[in-house]
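Please look over the sequence and the model first.

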Amino acid sequence: MNRRNFLKIFALTGVGLAVKPAKSLAALVPEENKTEQAVDLVAVMGGEPDQMFRRAIAEFGGMNQFVKSGQKVCIKPNIGWDRVPERAGNTNPLLISEIIRQCFAAGASEVTVFDHTCDDWVKCYQNSGIEAAAKEAGAKVLPGHQESYYRQVELPKGKILKDAKIHQAILDSDVWFNVPILKNHGGSGLTISMKNYMGIVWDRRAFHMKGLQQCIADVCTLDKKPALNIVDAYRVLQTNGPQGRSESDVVLSKALFVSPEIVSVDTAATSFFNQIRSMPMDVVKHLELGEELGLGTTDLNKLNIKRIRL
Amino acid sequence: MLRKLRIALALVAFAVLTFFFLDFSRLLPESAQVIAKIQFVPALISLSLGIVLLLLLLTLVFGRIYCSVICPLGIYQDVISRLANLFRKKKLRYKFRKARTILRWSVLTLVIITYLSGLGLVLDLLDPYSMYGRMAVHLFKPVYMAANNGLELLFTAFNNYTFYKVDIHFWGWASFGLALISLLVVSVLAWRFGRTWCNTICPVGTVLGFLSKLSVFKLSIDHETCNQCGLCSFNCKATCIDSKKGSIDYSRCVACFNCMESCNKKGVKYLPFWKVKKTGTDKTQVKTVSGKIQAKTKTKTKKRIETNTDTKIEVKTINKTKTDASKREFLSVLMMSSLLMPKALAARFRQQIGSLRPLKRTVPMMPPGAGDRARFNSLCTSCHLCVSKCPGDVLQPSLLEYGVEGIMQPQMLFDKGFCNYDCTLCTEVCPSGALKTLTKEEKHRTQMGRVVFVIENCIVYRNETHCGACSEHCPTQALRMVPYKGHLTIPEPHPDICIGCGGCEFICPVRPYKAVFVEGHEIQQVAKAFEDEEKQDIVLDDFGF
């Protein structure tokens with residue numbers, strides 16, 4: 001199955017899931033995956049970040065299901081804050097380097113990593129440990145601090161956000177992976193995969209001006225969808241997000257959620273977070289707004305979920 | 001040999017300091033700041049006695065080594081004179097010039113009087129290190145950054161991401177203009193007359209020149225070997241060698257050793273003063289003695305002993321005190337008016353746009369570690385090293401926000417970025433002690449200003465949509481999102497724990513007047529520590545879905 005087919009199928013599942021039970025969708029999946037019913041979401045608990053990812057990607061049939069030889073891959077972690085990994089402000093660097101290694105193993109010609117940071121980007125890249133980890137794994141670490149790195153893209157399906165400037169690393173890639181960290185967020189309730197899209201955008205103030213939750217849902221209608229959303233919940237910032245004030249805001253929760261379904265994976269992560277601290281679904285309003293835009297379902301019963309404990 | 005050593009050391013110091021000013025990508029280790037820390041004026045006004053004593057001792061033993069090896073403006077002039085010779089068919093021959101003693105001492109007096117009367121601006125304008133600093137930040141750095149952007153374009157075209165694009169900032173006409181004027185004046189003088197600036201205007205040159213007359217090691221002309229060819233004088237960029245008389249004006253000699261190397265007879269020697277007497281003939285002894293008498297009369301003139309020349313000087317001093325009085329009056333009027341001007345202007349612009357409430361900071365924000373306003377204004381020499389180093393582009397030269405005494409001194413503005421919570425760089429590099437060095441923990445508790453939240457302007461209040469951008473950027477949660485209508489949350493200010501980093505003001509999306517800004521302090525405060533969340537032992541054994 002090539003990438004285009006793959007993406008088409010996901011687009012179709014997005015629509016299809018709203019009306020049909022997930023089982024019937026198996027018919028849409030091409031031959032090689034048909035031996036077993038296709039997995040929609042993999043949740044792993046109890047391991048190290050890299051170990052959990054290896055297990056999760058295996059459940060999806062390996063990285064070569066997503067990355068083909070010679071392709072340019074872009075990985076978009078959350079590197080928003082000048083924080084060390086223990087403070088859970090940014091995606092875990094071990095997870096990022098493991099994804100990069102798997103991409104190269106699957107034959108990627110180039111892997112790029114970037115984020116449009118909130119704090120000074122040099123400090124964020126350094127202190128998050130992501131720059132070093134990514135470079136060591138062979139990826140190119142790109143800056144995102146200048147408007148000239150971004151290109152105007154129309155968002156016809158967006159409700160109030162009709163266009164945005166998107167980082168060229170995403171636009172020029174063949175495949176991209178959305179790799180957020182699960183965190184509390186003062187403005188949007190939680191920040192997970194959908195909110196992580198704000199790091200591929202130049203003008204974020206516009207989001208706040210127009211209505212944050214709707215704009216988050218709108219930007220996720222970008223045609224170029226991530227092949228997978230890989231939610232790092234190894235350490236979770238339960239309070240004072242998104243940057244946190246001290247380590248007392250952090251819970252070592254050792255989990256990972258992986259799915260091509262952005263609304264569903266964020267719903268799963270929200271339910272997980274809800275065990276740590278109360279977080280009703282409707283506080284994270286962009287999930288419901290995303291569902292309204294046909295980006296996927298918040299009803300996890302419709303999905304084939306693999307739950308794995310290590 | 002000595003000349004080559006001088007050139008080598010000077011070039012290293014000059015290159016390191018210049019690059020430290022330009023180095024936006026932090027390639028140099030922070031230890032490079034040591035060159036800024038051993039500059040005379042910053043060390044003096046920060047009362048870094050160790051460094052000042054070291055520099056004085058250096059001068060008292062070896063002469064004006066500071067001027068030839070450490071001072072960036074001095075070395076810059078040497079570079080310019082050297083370049084000038086490349087453009088000339090024939091190398092420039094310097095000629096002995098008479099010392100402009102009165103001018104030198106008048107400038108120094110003016111600097112001291114104005115500084116002691118609370119107007120540090122004259123010192124800021126004339127301190128050679130700070131002059132050079134501003135030239136580097138406002139003139140050289142933009143060129144360096146533009147070159148970087150050129151390389152970035154080229155390399156990125158070939159898929160190489162070694163370089164990254166940077167914003168080239170223009171920090172206002174005042175700083176740029178003053179830097180440009182300094183550059184032009186100093187360059188033209190250096191191009192045509194060598195070290196004229198150092199020996200007529202520079203207050204540091206005057207002080208060290210006075211001391212170097214008393215130095216242990218001196219250059220001297222051996223009259224037994226000297227054939228009065230004049231080569232030493234031709235090569236003296238300080239124009240202080242009178243080869244006909246065989247005398248050297250030590251108050252102007254910057255110890256460059258050009259004369260020594262130029263002499264074919266090896267007749268210029270660098271010796272301790274007692275050896276000068278031994279080797280010299282009777283003739284030289286007379287010369288040195290007469291030199292000493294000259295020097296003495298000069299010092300005596302200050303004591304106002306009646307001689308012909310002295311009366312002249314005295315008249316001038318009296319005149320000068322008169323001018324000073326009126327000048328002081330003029331300056332105080334200027335100062336007063338400039339303090340009131342911004343307020344008058346602000347009133348003019350106080351027109352409401354829409355229903356937004358206009359916001360205006362009334363007290364300018366000093367950088368971290370500045371302490372109280374009077375102290376900061378008197379210690380800062382506006383070298384702009386902190387401006388150049390600030391990773392968030394928060395520190396910017398002021399205009400009249402601090403009044404006349406603080407023109408060009410750095411203030412915090414949040415239009416381009418905000419002060420990084422963990423960053424203490426400006427307090428570390430400040431050579432004059434205007435910014436006290438802070439540890440990360442001290443910085444976390446230093447309140448540079450306090451948050452002011454204006455609910456009428458807030459997105460959540462006006463549009464009833466989620467926002468929280470300010471709270472998101474607040475490192476201490478001095479703006480905390482609290483329940484509002486339905487699931488909406490709205491910022492709640494806690495100014496006690498605010499440190500004034502400006503993250504909230506920077507990011508607030510409301511225009512033209514934001515819903516949040518930071519008001520400065522006349523005296524920086526200690527912020528209350530925030531209370532940590534209670535650490536709960538949470539054991540997760542389920543996915544929750």
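This is a predicted model: local features need pLDDT of at least 70, side-chain atom pairs count only at pLDDT 80 or more; totals for chains, interfaces and linings use all residues.

Residues are numbered from 1 along each chain as its sequence is written, chains are lettered from A and ligands numbered from 1 in the order in which they are written, and side-chain values use heavy atoms, with hydrogens and water left out. Chain B and chain A bury about 4,700 Å² between them, and the structure holds 28 salt bridges over all chains.

**Chain B as a whole**

- Chain B has 24 helices and 10 strands; helices (H or I, at least four residues) and strands (E, at least two) are DSSP runs, numbered from the N terminus.
- Of the 545 residues in chain B, 50% count as buried, where buried means under 20% relative accessible area, exposed over 50%, and partly exposed in between (1.4 Å probe, protein chains only).
- Chain B exposes about 26,600 Å², and carbon and sulfur atoms supply 64% of that area; accessible areas come from the Shrake-Rupley method with a 1.4 Å probe, and for residues only the protein chains shown count as cover.
- Among the contacts in chain B with a separation of 6 or more, 73% involve residues 24 or more positions apart; contact means heavy atoms within 4.5 Å.

**The interface between chain B and chain A**

- In this interface, 51 residues of chain B are in contact with 58 residues of chain A.
- Carbon and sulfur atoms give 52% of the area buried between the two chains; buried area is the accessible area (1.4 Å probe) that two parts lose on being put together, summed over both.
- On the chain B side, B:Glu472, B:Phe543 and B:Phe545 lose the most area to chain A, and together they make up 19% of what that side buries.
- There are 31 residue pairs in polar contact between chain B and chain A, both residues being at pLDDT 80 or more. A polar contact is a pair of N or O atoms within 3.5 Å; within protein, one must be able to donate a hydrogen and the other to accept it, and residues adjacent in sequence count only if both atoms are side-chain atoms.
- The elements of chain B that give two or more residues to the side touching chain A are helix H22 (459-463), helix H23 (469-473), strand S8 (479-483) and helix H24 (503-507).
- H23(B) supplies the largest share of that side, three residues.
- The residues of the chain B side divide into 24 nonpolar, 13 polar and 14 charged. Here Ala, Val, Leu, Ile, Met, Phe, Trp, Tyr, Cys and Pro count as nonpolar, Asp, Glu, Lys and Arg as charged, and the others, Gly among them, as polar.

**Salt bridges**

- Three salt bridges are counted between chain B and chain A; a salt bridge is a side-chain nitrogen of Lys or Arg within 4 Å of a carboxyl oxygen of Asp or Glu.
- The side chains of B:Asp542 and A:Arg309 form a salt bridge (3.5 Å, N to O).
- Within chain A, A:Arg54 and A:Glu98 meet in a salt bridge through their side chains (3.1 Å, N to O). This pair links helix H2 (residues 49-59) with helix H3 (residues 93-105), its members being 44 residues apart. A:Arg54 is partly exposed, at 39% relative accessibility, whereas A:Glu98 is buried, at 7%.
- A salt bridge also joins the side chains of A:Lys76 and A:Asp115 (3.0 Å, N to O). A:Lys76 is in strand S2 (residues 72-77) of chain A, and A:Asp115 is in the loop between strand S3 (110-113) and helix H4 (121-127). A:Lys76 is buried at 1% relative accessibility, and A:Asp115 is buried at 2%.
- In chain B, a network of salt bridges links B:Arg6, B:Asp78, B:Arg195 and B:Lys237.

**Two loop residues**

- B:Leu92 lies in the loop between helix H6 (72-87) and helix H7 (101-116) of chain B, and is partly exposed at 21% relative accessibility.
- Not counting residues up to four places away in sequence, B:Leu92 touches B:Asn85, B:Trp191, B:Arg192 and B:Phe234. The C-alpha atoms of B:Leu92 and B:Phe234 are separated by 7.8 Å, although these residues are 142 residues apart along the chain.
- A:Asn92 lies in the loop between S2 and H3 of chain A, and is buried with a relative accessible area of 7%.
- A polar atom of the A:Asn92 side chain lies 2.9 Å from the backbone nitrogen of A:Leu94.
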